[in-house]
Amino acid sequence: MPGTACRGGGAARRGRGGVRRRLLALPLLAAVLAGCGIRSTEVPTDFGAAPSRVRCSLAEPDLSWQTSHGVPVQVFLLCGSSLVAVDRSVRVPQGAVDSKRRVLVAQGLLDQLAQTPSTAEKEAGYTTDVPGGMTVTTPEPKDPDDALRLSTPPDRLTAFALAQIVCTLSDSAAAEGDGSVTLGGPDGLPLRRYSCTDGVRSRPGEEEPPSSEVTGG
């Protein structure tokens, strides 16, 4: 009976013969033990790759971007398939107010977005699609006071870069604080007011920032 065999392989031990019979019983004993779930040898088993560490989460605050002077800000980097806010700081000269201050903050944020992520951020999966060298200028005479004109027109940016810029600027001192930002290209190109939504933050490559045309100041 299987139960009797599993309790010790009695049939193999109770053999009446001599050495020959015991030797012949060894293969049977091995088979019985295997049937009871007992392995005679250790065989390496592939259980798949080890679980990877959590991405898009820094184990410790990354202080490599922090300075003793500057305005604390957050910028949105790409991680996985979404936008994730990370801490930064930008320098704003004392006495800068209104549109001048907005432009300085916006320029600092663009510079931060264009920077290659730190080593810790790279290891956590962060990237950026914002190109370097982009500049911001003050509003033109007929523009609203909160308008920001980029050296690269928004419609020429990648969907990811536009989402990063809109979500970063709309949530900063560069905007009016209503979750939107007015952007345009250089030389009088049309302005549009862009908003950062939950959909844009979670699917920046698929969902464009909602926008509406701005007619003037």
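**The open sheet and its surroundings**

Mentor: Five strands make up an open sheet, ordered 4-5-6-7-8, and their pairing is mixed. Strand 4 (136-137) and strand 8 (211-214) are the edge strands, each pairing on one side only. Two strands count as paired if DSSP finds at least two bridges between them. Strands (E, at least two residues) and helices (H or I, at least four) are DSSP runs, numbered from the N terminus.

A word on the basis. This is a predicted model, where local features need pLDDT of at least 70 and side-chain atom pairs count only at pLDDT 80 or more, while totals for chains, interfaces and linings use all residues. Residues are numbered from 1 along each chain as its sequence is written, and side-chain values use heavy atoms, with hydrogens and water left out.

Now look inside the sheet. Strand 5 (residues 147-150) runs parallel to strand 6, and three bridges join them. Leu148 has Leu183 in strand 6 as its bridge partner.

The lining has 14 residues, and Pro154, Asp155, Pro190, Arg192 and Tyr194 lie nearest the centre. Strand 6 (180-184) and strand 7 (191-195) are the elements that give two or more residues to this lining. By type, the lining holds eight nonpolar, three polar and three charged residues. Here nonpolar means Ala, Val, Leu, Ile, Met, Phe, Trp, Tyr, Cys and Pro; charged means Asp, Glu, Lys and Arg; the others, Gly among them, are polar. A pocket is an open set of points on a 1 Å grid over the protein atoms alone, where a 1.4 Å probe fits, with protein on both sides within 12 Å along at least five of seven lines; lining residues have an atom within 4 Å of a point.

Strand 1 (residues 71-79) and strand 2 (residues 82-90) run antiparallel, joined by nine bridges. Val73 stands opposite Arg88 in strand 2. The two strands form a hairpin with two residues between them. In its turn, Gly80 has a positive phi of about 65°. Strand 1 is also joined to strand 3 (residues 126-127) by two bridges, again antiparallel. There, Cys79 has Tyr126 as its bridge partner.
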